[in-house]
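Subject: Structure handover

Hello,

Here is the structure I said I would pass on. Please keep it open while you read the notes below.

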Amino acid sequence: MNALSASPRPPAELLLRGAHLLDPRSGLDSTRDVLIRDGRIAELAPPGTLEAPGGGEVVDAEGRHLFPAFVDPHVHLRTPGQEHKEDLDTGTRAAAAGGYCAVVAMPNTDPVIDHPALLRGLIDAAAREARIPVGFMAAISQGLAGEHLTDMSALRSAGAIGFTDDGKPVASAGLLRHALRNQILCGGFLALHEEDPALSLDGVMHEGTVSVELGLAGIPSISESTMIARDAQIAEAERGRVHFQHLSARRSVEALAEARSRGIAASGEVTPHHLLLTDESVRSLDSSFKMNPPLRGEDDRAGLLDALRSGTIEFIATDHAPHSRDEKNVPFEQAPMGTTGLESSFAVLYTELVLPGVIELELLIDRLTAAAALIGIETPSLTPGSTANVCLIDLAAQWRIGESGYESRSSNCCFAGREVSGRVLMTVADGAVAYRERAFAVSAA
Ligand SMILES: [Zn+2]
Ligand SMILES: [Zn+2]
C-alpha cells in the first residue's frame, strides 16, 4: 500500500566491467565485474571473467566507482500547481542525475496534499511520469494551516509514506500530540520542520553578527532547537515516531542526541548546504543563499558535522527546493526560501568533506542511502540478489556545477559555479537504467 511509484521501464541487462565497488553496509570494497540481469544484481566476479548478457550492454567501468544508489527523504517536486518550478519528470530526472534511486516529495503543493483523492492522483501521475520511484508525504494539518488534522488513516491507506507540514512547523503542541496518536494507529512517521514562529518572526537569515551587520531580520538557532526539545518530549509521552527535518543548529542535534539516548523513536536529517555553508555566504546578498532554516554560523555547522559523524544524524537530505529565476531574482528580503540540490549533493560533499579527510567516503555513502529504512523500502545494496539500485561515479572527473545546465527545471542552486570532483555517469533505479551521462559511452555486447 505504501510502495513508491515510477513509470514502468525495461529491466536493466548490463555488464559493468572492472568497477570499484564500495558498499559499506555489506563490507564490499573491491574491483569487480558486475552482472545486472533482469534488473537484479546477478553476479560479482574478478575483472575480465564475466560474459555480457545476451542483448545486454557492456559498460567500461574501469577506474570508476559503483555505489548503492542514494535515497532522499526530503524533496519538493512542486506538483500539483507549481510546474513552472518543477514536476515529476524534471524532478526525478534531476534525482537520477544526482545518483538517487528513490526520493520522497513534500505535500506543500498547490493544492496541499491533505486529501486522499489528491494523493491518489499524484501517485497515478508518478506511475506515468516519474523516472525513479517517488514516495509522497501527506499533510499533518488541513491546508498546512495548523488548525485541523487531516484524515491521516485515510491518507495512509491511500499511500502516504508519512506526514509533514514541511514549510511550516506544527506550532500547536496539542495538534502535534493528536497527530502522534493517529500516527501510532496508522503507521508511517511524522517529519517535522521545526521553528517557533514567535522566535522566527519575519526573519530572512540566521540571527548573528552577519545579520546585524547587514541590517537584516534574523532567525535565531533557538527557534529550531527549542521546538525539537518540545516535540521530542511530546513524542516520548505518546510513544510516536518523529523525524526532524533539515537540522541546522548545534543545540538541535544536542536535543536529538538526548532524545535518542532516552529511547525516543526520533531520527534526523541534514542538508549539504547546512553542512558546507554558513551565514558568511549571505554577505553577497545573493538569494541563492536564502533558505529555511537559514545558513547558520560556524559553530552550528561544526555541530552538524559532529552529529553526522557520530550517527546522531543518520540521513543526508537535499531539501531540493526549486524556484524560478524570476522568483529568486528579487531583493534578498523578498526572495522565496530554498535551494536545489539533487544534482550537486554527492559532488559537493565528496569534494568538500571526503577529499580533505573530514569524513570517510564510506560514511558519506551510508548517510546518503540510509533513509531507505525510514521510508520502508529495500536498502540499496551491491550484494547479489538485490534489486539493482546503483550509481556509477567517476570520482576523478572535475566539473563546475551548472556548467552544462540542470535536469531540474530550476537553477537556484547555492553551489552553482563551484569546481567539484565526482561525476555521476549512470544510475540504475529499481532495476532500470534511469540516467546516463551524455558523454558516457556504452557499447553493445
Ligand atoms: Zn522545511
Ligand atoms: Zn522542505
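Is Asp 38 buried or exposed? Asp 38 is exposed, with a relative accessible area of 52%; buried means under 20% relative accessible area, exposed over 50%, and partly exposed in between (1.4 Å probe, protein chains only).

Some ground rules come before the rest. This is a predicted model, in which local features need pLDDT of at least 70 and side-chain atom pairs count only at pLDDT 80 or more, while totals for chains, interfaces and linings use all residues. Residues are numbered from 1 along each chain as its sequence is written, chains are lettered from A and ligands numbered from 1 in the order in which they are written, and side-chain values use heavy atoms, with hydrogens and water left out.

Backbone

Asp 38 sits in the loop between strand 2 (28–37) and strand 3 (40–45). Helices (H or I, at least four residues) and strands (E, at least two) are DSSP runs, numbered from the N terminus. Asp 38 has a positive phi of about 50 degrees, although it is not a glycine. Arg 78 is not a glycine either, and its phi is positive at about 65 degrees. Arg 78 counts as buried, at 7% relative accessibility, and is found in the loop between strand 6 and helix 1.

Pro 80 is in the loop between strand 6 (70–75) and helix 1 (88–97). The peptide bond from Thr 79 to Pro 80 is cis, with omega near 5 degrees. Another cis peptide bond joins Asn 292 and Pro 293, with omega about 0 degrees. Pro 293 belongs to the loop between helix 9 (272–276) and helix 10 (298–310). As background, most residues other than glycine have a negative phi, and most peptide bonds are trans.

Asp 166 lies in the loop between strand 9 (163–164) and helix 4 (173–186), and His 193 in the loop between strand 10 (190–192) and helix 5 (197–200), so the pair ties together parts that are 27 residues apart in sequence. Both Asp 166 and His 193 are buried.

Gln 245 touches Asp 166 and His 193, and its other contacts include His 74, Met 106 and Glu 269; contact means heavy atoms within 4.5 Å. Its place is the loop between strand 13 (242–244) and helix 8 (250–261), and at 2% relative accessibility Gln 245 counts as buried. The side chain of Gln 245 reaches the backbone nitrogen of His 193 at 3.1 Å and makes a polar contact with the side chain of Thr 164 (3.4 Å). A polar contact is a pair of N or O atoms within 3.5 Å; within protein, one must be able to donate a hydrogen and the other to accept it, and residues adjacent in sequence count only if both atoms are side-chain atoms.

Domains

The protein is divided into domain 1 (14–66 + 384–444) and domain 2 (69–374), with bounds from an automatic or database domain assignment. Their contact takes 33 residues from domain 1 and 51 residues from domain 2. The area buried between them is about 3,300 Å², of which carbon and sulfur atoms give 60%. Buried area is the accessible area (1.4 Å probe) that two parts lose on being put together, summed over both. Arg 409, Asn 412 and Cys 414 supply 21% of the area that domain 1 buries against domain 2, more than any other three residues.

How many salt bridges cross the interface of domain 1 and domain 2? The rule finds 3, a salt bridge being a side-chain nitrogen of Lys or Arg within 4 Å of a carboxyl oxygen of Asp or Glu. The side chains of Asp 87 and Arg 409 meet in a salt bridge (3.0 Å, N to O).

Regards

Definitions and conventions:
Lists of a residue's contacts leave out its neighbours within four places in sequence.
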